[in-house]
Amino acid sequence: MTTTRRAFLILAVTVFAYQFSFGITRAIMSNFYVEVVGLRADQMGLLTAFRELPGFLSFAIAALAMRFLPSHLAALCMLVMGVGYAGYAQATSFENLVPAVVFASVGFHQWMSLSSAMGLAIAKASDAGQVLGQLNSVGFAAGLLGMAVVLVGIEYIGYQLAWVISGLVLIIAFGVILKFPNELVQRSPQRMVFRRKYRLYYVLTFLDGCRMEVFQAFGAFLLVKQYQINVQTITLLLIVSSVINMALSPSVGRLIDRIGERPTMTFSYGLLFFVFLGLALIPDAGAAIALYVVYNFALLFSIGINTYLKRIASAEDVRPSLAMGVTTMHISALALPPIGGVLWQAYGFQTPFLLGAVFIVLSIFATQRIPLRQPATVQPPSAPAVVGAGR
């Protein structure tokens with residue numbers, strides 16, 4: 001077995017464990033917040049800001065962690081997340097929920113950029129979308145299994161034990177990722193990578209973060225708080241979304257590789273715009289449920305931001321640029337969720353989603369600045385071959 005193949009399998013197993021745990025936590029989180037902790041919309045917005053603070057600080061945290069080997073840092077991420085998620089089990093109020101949320105979030109946000117760097121390290125520029133799509137499929141399958149555990153067993157195990165199980169699975173991932181071959185990941189001193197040629201990447205991640213923060217704070221929360229959707233229905237919704245995404249993820253990755261990021265991302269942002277408008281303007285539980293599924297499908301195309309970076313960045317810039325991208329994505333996290341929560345409390349649930357729709361329109365305009373991929377030209381038979389020609 002080649003080193004690259006072994007690295008892919010180790011990363012795939014770790015992604016499976018992580019997404020299994022995330023499948024459990026994602027399925028129970030909103031109902032746990034409303035039914036056990038009793039969060040209001042303004043508290044939900046503030047909690048989201050606390051949760052996303054480590055994402056905003058991810059560049060500084062990554063700089064401190066650069067002395068770790070990639071596999072050791074990834075293992076530490078798994079351990080921190082595992083302990084943090086197990087800590088959710090003890091929370092009964094907003095005040096004692098915050099420490100567990102912040103602790104788990106540190107590991108989560110470091111893993112976001114590191115997992116992308118590891119995935120891109122074992123891929124070539126020509127098949128980066130396909131490799132990330134394959135890893136996404138593994139993740140969707142694992143998340144599906146985790147959500148199935150909630151669907152079948154939540155009435156028997158309860159929220160607290162479900163949090164503990166999600167933490168224990170991440171401890172297993174801690175041992176697996178330690179075996180990843182570190183030599184495949186380009187290591188360089190952590191530095192401030194804010195190059196002019198990457199400015200569009202930073203704009204895209206910032207705007208995508210604005211959309212992400214609004215929906216992460218209030219998407220599932222809307223279903224539970226406004227329409228009283230129970231945990232089994234929320235879980236079933238997530239299962240349906242995961243099945244669709246698991247089946248389509250490799251195809252979406254290949255589509256991005258073939259026709260490029262601009263047309264695929266424009267399509268996805270168009271879908272997201274109508275999702276946000278629908279959630280704001282159609283006060284119906286059935287419509288909200290359908291739009292929630294469409295939202296999760298549209299997210300498949302978000303890997304286009306990372307494949308665009310892979311296409312334009314030098315090898316040594318990929319990992320620090322991904323870390324900077326995570327920080328850029330979370331600039332809005334400190335303000336938008338609390339503002340959205342206050343707007344919800346004052347003017348109704350529609351206002352955060354109308355705000356999110358504005359940022360999606362800006363994302364559509366920014367996406368048009370991505371250069372189109374040029375199709376390969378076919379030389380006439382009499383023309384000499386050009387050695388080393390590329391796109």
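This is a predicted model: local features need pLDDT of at least 70, side-chain atom pairs count only at pLDDT 80 or more; totals for chains, interfaces and linings use all residues.

I began with phenylalanine 22, which counts as partly exposed because its relative accessibility is 26%.

Phenylalanine 22 and phenylalanine 108 make one of them: the ring centres are 6.3 Å apart and the planes sit at 20 degrees, so I wrote the pair down as stacked. Planes under 30 degrees apart count that way. Phenylalanine 22 belongs to helix 1 and phenylalanine 108 to helix 5 (residues 94–121), so this pair ties together parts that are 86 residues apart in sequence.

I then turned to phenylalanine 273 and phenylalanine 274, an edge-to-face aromatic pair with 5.6 Å centre to centre and 75 degrees between the planes. Are these two buried or exposed? Phenylalanine 273 has 23% relative accessibility and so counts as partly exposed, whereas phenylalanine 274, with a relative accessible area of 58%, is exposed. I also noted one aromatic cluster, formed by Phe32, Tyr33, Tyr85, Tyr88, Tyr159 and Trp163.

**The whole chain**

Time to step back. I found 14 helices and zero strands in the chain. Of its 391 residues, 56% count as buried. I looked at contacts between residues at least 6 apart in sequence too, and 89% of those join residues at least 24 apart.

**Helix 1 against helix 8**

Two packed helices are described by the angle between their axes and the distance between the axes. For helix 1 (residues 3–37) and helix 8 (residues 231–259), I have an angle of about 145 degrees and axes 9 Å apart. Their crossing is right-handed.

Which residues meet there? From helix 1 I listed Arg26, Ala27, Ile28 and Asn31, and from helix 8 Val231, Ile234, Thr235 and Leu238. Sorted by class, this contact has five nonpolar, two polar and one charged residues.

**Helix 13**

I wanted to see whether the length of helix 13 (residues 336–347) works out. Its twelve residues, at 1.5 Å a residue, should span 16 Å, and the end C-alpha atoms are 16 Å apart, which agrees.

What is buried in helix 13? My list reads Leu336, Pro337, Pro338, Gly340, Gly341 and Trp344. The cover over these buried residues includes helix 2 (41–56), helix 7 (199–225) and helix 14 (350–367).

**Serine 268**

Last entry. Serine 268 lies in helix 9 (residues 261–281). I put it down as buried because its relative accessible area is 4%. Which residues does serine 268 contact, leaving aside its neighbours within four places in sequence? I found Ala298 and Phe301.

Technical notes:
Residues are numbered from 1 along each chain as its sequence is written. Side-chain values use heavy atoms; hydrogens and water are left out. Axes are lines fitted to C-alpha atoms, for helices over the stretch in contact, and angles run from 0 to 180 degrees between N-to-C directions. Helices (H or I, at least four residues) and strands (E, at least two) are DSSP runs, numbered from the N terminus. A crossing is left-handed if the near helix is turned anticlockwise from the far one by less than a right angle, and right-handed if clockwise. Contact means heavy atoms within 4.5 Å. Ala, Val, Leu, Ile, Met, Phe, Trp, Tyr, Cys and Pro count as nonpolar, Asp, Glu, Lys and Arg as charged, and the others, Gly among them, as polar. The expected span of a helix is 1.5 Å times one less than its number of residues. Buried means under 20% relative accessible area, exposed over 50%, partly exposed in between (1.4 Å probe, protein chains only). Rings of Phe, Tyr and Trp (its six-membered ring) pair if their centres lie within 6.5 Å; planes under 30 degrees apart count as stacked, over 60 as edge-to-face and the rest as tilted.
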